[in-house]
Amino acid sequence: MTTALSDRCPRDGCDFLPILVLIDGSALPAVHCSDACADFTWLERALADAPSTSETAAALEGLAGLRRLLDLRQDPSDIGPLLGGE
Ligand SMILES: [Zn+2]
């Protein structure tokens, strides 16, 4: 089976490799390097589709701060999932 381990995490500015997830006993690369990047990409997309209101603007500002935090990580697991597990 070929795996695309050289593919970087698709989040802008992220250079980590996707994490491996265990599916039916085989380790396969996930799309993103971490839950944080997957959640960030999801939030970014959700906001891109949202009507532009002052709330969206505030959320975008928060997202920019989050992006800086994610870019500063030494390891993908430094920041856990952004959207709690509940
Ligand atoms: Zn990433």
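Is aspartate 12 buried or exposed? Select aspartate 12, which belongs to the segment before strand 1, and the computed relative accessible area of 53% makes this residue exposed, where exposed means over 50%, buried under 20% and partly exposed anything in between, with a 1.4 Å probe and protein chains only. Before going further, note that this is a predicted model, in which local features need pLDDT of at least 70 and side-chain atom pairs count only at pLDDT 80 or more, while totals for chains, interfaces and linings use all residues. Residues are numbered from 1 along each chain as its sequence is written, and side-chain values use heavy atoms, with hydrogens and water left out.

**The whole chain**

Now show the protein as a cartoon: two helices and two strands make up its secondary structure, and from the N terminus on these elements follow the order β-β-α-α. Helices (H or I, at least four residues) and strands (E, at least two) are DSSP runs, numbered from the N terminus. Taken along the principal axes, the box filled by the C-alpha atoms is roughly 50 × 25 × 25 Å, and of the 86 residues in the protein, 21% are buried.

**The zinc site**

Select the zinc ion next, together with its protein donors, the SG atoms of Cys9, Cys14, Cys33 and Cys37, which lie 2.3 Å from the ion. Donors here are N, O and S atoms within 2.8 Å of the metal (3.2 Å for Na, K and Ca), and since water is not among the atoms, sites may look incomplete. The arrangement is tetrahedral because the four donor atoms subtend angles of 102 to 118° around the zinc ion, the criterion for four donors being that all angles lie between 85 and 135 degrees. Along the chain, the donors follow the spacing C-x4-C-x18-C-x3-C. Cysteine 9 lies in the segment before strand 1 (20-23) and cysteine 37 in helix 1 (residues 35-49), so this pair ties together parts that are 28 residues apart in sequence.

Colouring by accessibility shows cysteine 9 as buried at 4% and cysteine 14 as buried at 6%, while cysteine 33 is buried at 1% and cysteine 37 at 0%. A search of the whole structure for disulfides, meaning pairs of cysteine sulfur atoms within 2.5 Å, returns zero.

**The hairpin**

Move to strand 1 and strand 2 (residues 26-29), which pair in the antiparallel sense over four bridges, where pairing requires that DSSP finds at least two bridges between the strands. Within this pairing, isoleucine 23 stands opposite serine 26 in strand 2. Two residues lie between the strands of this hairpin, and aspartate 24 is in that loop, exposed with a relative accessible area of 81%. Check its backbone: phi of aspartate 24 is near 50°, a positive value in a residue other than glycine. Most residues other than glycine have a negative phi.

**A charge over a ring**

Finally, select arginine 11 and phenylalanine 40, where the charged end of arginine 11 sits over the ring of phenylalanine 40, 5.4 Å from its centre. This label applies if NZ of Lys or CZ of Arg is within 6 Å of the ring centre and within 35 degrees of the ring normal.

Note on methods: Four donors count as tetrahedral if all angles lie between 85 and 135 degrees; four count as square planar and six as octahedral if opposite donors are over 155 degrees apart and all others between 65 and 115; anything else is irregular.
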